[in-house]
Amino acid sequence: MLRGVNAINLDTKGRMAMPTRYREQLQESCDGQMVVTVDRDRHLLLYPLPEWERVERKLLELPSQNPAVARLKRLLMGHATDCEFDGSGRILLPPKLREFAEIEKKIVMIGQGNKFEIWDEGRWDALCDAYLGDDDEGIDLSVLDNLSL
């Protein structure tokens with residue numbers, strides 16, 4: 001399970017050091033092979049390869065004739081890039097993907113169970129502030145009714 005929030009600095013080549021607490025798990029589950037792609041909210045998604053392959057199969061099953069599906073496939077699959085840990089446990093985030101997500105040096109990596117989200121630190125902090133300021137008006141929270149936290 002990929003969980004937690006991590007502040008990370010990219011090096012000058014755009015590589016991020018995978019936090020140590022995830023390395024062994026990712027080595028065992030995917031031999032350090034990952035896929036990074038973009039998401040609609042201008043951040044990156046980092047998947048262990050087996051998980052990405054499941055997502056990719058689901059995307060391929062969707063009807064490309066639907067314009068929204070076609071756009072989503074172009075975005076996610078079109079930007080999907082294989083990557084793997086180097087000898088120091090780092091992953092290169094490709095320049096085009098960093099540009100898309102407006103990532104420069106400071107990033108935040110958030111575990112989402114089966115994947116990580118990677119955000120520019122300033123954009124993530126602003127998003128969190130906005131979430132905390134929201135009054136949830138107009139948002140259907142009924143899906144959370146059975147969730148006891």
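This is a predicted model: local features need pLDDT of at least 70, side-chain atom pairs count only at pLDDT 80 or more; totals for chains, interfaces and linings use all residues.

Which residue does Leu 44 stand opposite in β8? I looked it up: the residue facing Leu 44 there is Ile 118.

**Entry: β4 and its partners**

I stayed with the β4/β8 pair for a bit. β4 covers residues 43-48 and β8 covers residues 116-120; the two run antiparallel and are joined by three bridges. Leu 46 has its bridge partner in β8 too, and that partner is Phe 116.

Then I turned to β3, which pairs with β4 over six bridges, again in the antiparallel sense. I picked out one of the bridge partners: Met 34 goes with Pro 48 in β4.

Is β4 buried or exposed? I checked residue by residue, and six of the six residues are buried, so β4 is largely enclosed by the rest of the structure. I also sorted the side chains by face.

Next I zoomed out. I read the strand order as β1-β7-β8-β4-β3-β5, an open sheet of six strands with antiparallel pairing. Which strands stand at the edges? They are β1 and β5 (81-84); each has a single partner strand, so one side of each is left without a neighbour in the sheet. The twist from one strand to the next averages 30 degrees.

**Entry: helices on the sheet**

I looked for what packs on the sheet and found helix α3, residues 67-79, touching β3 (33-39), β4 and β5. The direction of α3 makes about 145 degrees with that of β3.

Helix α5 lies across β1, β7 (106-111) and β8, and I get about 100 degrees between α5 and β8. What caps the N-terminal end of α5? That is Asp 120, with a side-chain oxygen 3.1 Å from the backbone nitrogen of Gly 122.

I noted Arg 42, which is not a glycine and yet has a positive phi of about 60 degrees. Arg 42 sits in the loop between β3 and β4, and that hairpin has three residues between the strands. I get a relative accessible area of 36% for Arg 42, which makes it partly exposed.

Asp 31 is another one to write down, with a positive phi of about 55 degrees although it is not a glycine. I find it in the loop between α1 (20-30) and β3. Asp 31 is exposed, at 52% relative accessible area; the cut-off is over 50%.

**Entry: cysteines**

I went through the cysteines for disulfides and got zero. Cys 83 is in none; its nearest cysteine sulfur belongs to Cys 30 and is 9.4 Å away. With a relative accessible area of 11%, Cys 83 is buried. Cys 128 comes out at 23%, so I put it down as partly exposed.

**Entry: Thr 12 and Arg 15**

Last stop was the stretch around β2. Thr 12 is in the loop between β1 (5-9) and β2 (15-17), and it is exposed, with a relative accessible area of 84%. How many residues along the chain separate Thr 12 from Lys 105? The count is 93, yet their C-alpha atoms are separated by 8.1 Å.

Arg 15 is found in β2. Its side chain makes a polar contact with the side chain of Asp 11, at 2.6 Å. Leaving aside neighbours within four places in sequence, I listed the contacts of Arg 15 as Asn 9, Leu 10, Asp 86, Arg 90, Ile 91 and Leu 92.

How values were computed. Residues are numbered from 1 along each chain as its sequence is written. Side-chain values use heavy atoms; hydrogens and water are left out. A polar contact is a pair of N or O atoms within 3.5 Å; within protein, one must be able to donate a hydrogen and the other to accept it, and residues adjacent in sequence count only if both atoms are side-chain atoms. Helices (H or I, at least four residues) and strands (E, at least two) are DSSP runs, numbered from the N terminus. Buried means under 20% relative accessible area, exposed over 50%, partly exposed in between (1.4 Å probe, protein chains only). Contact means heavy atoms within 4.5 Å. Two strands pair if DSSP finds at least two bridges between them. Axes are lines fitted to C-alpha atoms, for helices over the stretch in contact, and angles run from 0 to 180 degrees between N-to-C directions. A disulfide is a pair of cysteine sulfur atoms within 2.5 Å.
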